[in-house]
Amino acid sequence: MPESAAKRSSPTPNATDLPRREDWRAILDVLAERCSCRDFDGSPIDRSVLAGIVADGTEAPSSCNQQQWHFIVVDDGALKRRAWEISGGNHHFAECSALIYLCFQKGWTHGNFSVVQSVAGAAYHMMLSAHLRGFSAIWNAGIGDKSALADMLGVPPTFEIQGALAIGRPKPSAPAMKAPRRPFGQVHSWNRFERPAVTRYPAKPADEYPFFAIRNDDNPFAVWDPAEWDWGQIADFRGYSVWAKSPLAGVYVSRRQGEATAVELDLLPAPAGDGRVVEIMPWGGTYSVELRRRLPPSVHLHLAELSPHNLAFVEERFRQEGLPLDRVSLDLFADGRLPYADGTIDAVVLPQVLEHMPDPEAVLEEVRRVLRPGGHVTVSVRNRDSAYGRHWAEVESRAQVPNQGPFQPIPAASVEGWLGERFAVEQAVGIGSGTSHDAAVLTGPARLSGRLFAGRWRRE
């Protein structure tokens, strides 16, 4: 029995509550094995099979039985490629066998979302049908500009495009990983709401939180300051939400940073062949895989993370990238306390993570503690005193906290001061004069105005 299903198994029921099928548990266990796929082989699926999957979906419950849904199956290669372009980055839209766009007719029980719930129920029914037939699927809410999709698909303005299912056969190399489920005890209670505090995230105080006053791009109640979160809440948030992206080789890198990542990595010291290097809070592993490529094979790379789910994600990313794991340690830490003895680490890397920490200065003290004399810390941080910092304050911070967790850009001068109190500077620069993409290296006083402030410091 899959672990997730076993955790949800109920105690032995009374005789009057026994199921009518003897194979009920086996069926549910098979359904629980379903996992999302973003790496399809592009092979076609016969239209009669696709039609059968969609027909299975229409057996789902529908609000007032009105069935105000419509499903557009896209199997044309050119249209799938256009769908990928419109989505802004979902490469699997072009590689899947078919996309099924989920639509509904506007107007019915709009406020209670029952028509949305009906389409969602049908979509999951289709996913289970695909799973039982031996295919893989993924549910996508991020489909891009809906007006462009409506033009492409001929959807009238009285219908809404809710999302899309991508269905196909996974590549042999596709990660066969099911994203972690929360412990069952955290997500249910009896007769009243009860939920662990670590899973309840901060919100700005208000008498009420009206649903229609909150949008992804405009949430007046969102708390971006990590000092108002505790370490456990940040670990919980990041440990589940990062699974929004599969650990595919070379795919999920920051388009905003562009060439800036290479500039950051160029600041790394040259550790000894038997050295120990720590990256703190690697999240999805984008920096981690580049670190492993740049470091000598004999250097031991430690990845210090808040959540075991993040570490499992990064471990699979390494496999997908074809990188060895024999000199990589996946280390958990909590409450800002690093799991290393005093003076045992040669280099620490903090790539745009100080701004995610409830107490960044305390973590820098930890870095100083674990570094050996002569050891280095390489830091990059999003700079509040920059064009990006102003954009963050005026636009970005109005939105919902992103999947990588709460953060606030920090003034470069503050970061330089914190580091100067603890370490000797070897190199400090600004990176990027615009709000995104450019990687201009700024020196002298201009270093404090770059999108990123970055550098290398030494423990004396």
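The contact, meaning heavy atoms within 4.5 Å, is made by Ile53, Val54, Asp56 and Gly57 of helix 3 and Ala122, His125, Met126, Ser129 and Ala130 of helix 6. These residues divide into five nonpolar, three polar and one charged. Here Ala, Val, Leu, Ile, Met, Phe, Trp, Tyr, Cys and Pro count as nonpolar, Asp, Glu, Lys and Arg as charged, and the others, Gly among them, as polar.

This is a predicted model, in which local features need pLDDT of at least 70, side-chain atom pairs count only at pLDDT 80 or more, and totals for chains, interfaces and linings use all residues. Residues are numbered from 1 along each chain as its sequence is written, and side-chain values use heavy atoms, without hydrogens and water.

Two packed helices are described by the angle between their axes and the distance between the axes.

| Helix pair | Angle | Axis distance |
|---|---|---|
| Helix 3 (47-57) and helix 6 (114-132) | about 135 degrees | 7 Å |
| Helix 4 (77-87) and helix 7 (146-153) | about 170 degrees | 10 Å |

Helix 4 is therefore roughly antiparallel (over 145 degrees) to helix 7.

The crossing of helix 4 and helix 7 is right-handed. Leu79, Arg82, Ala83 and Ile86 in helix 4 meet Ala148, Leu149 and Met152 in helix 7. Six of these contact residues are nonpolar, none is polar and one is charged.

The structure also holds one cavity of 30 Å³ or more. A cavity is a set of points on a 1 Å grid where a 1.4 Å probe fits but cannot get out, and lining residues have an atom within 4 Å of a point. The largest cavity has about 60 Å³ of space. Its lining includes Glu264, Tyr287, Thr378 and Ala454. By class, the lining has nine nonpolar, two polar and one charged residues.

Notes:
1 Å grid on protein atoms, 1.4 Å probe; cavity = no way out; pocket = protein on both sides within 12 Å on 5 of 7 lines; lining within 4 Å. Points joined across faces, edges and corners; volume = space filled by probe spheres on them. Axes fitted to C-alpha atoms, helices over the stretch in contact; angles between N-to-C directions. Helix = DSSP H or I, 4+ residues; strand = E, 2+ residues; numbered from the N terminus. Parallel < 35°, antiparallel > 145°, perpendicular 65-115°, else oblique. Left-handed = near helix turned anticlockwise from the far one by under 90°.
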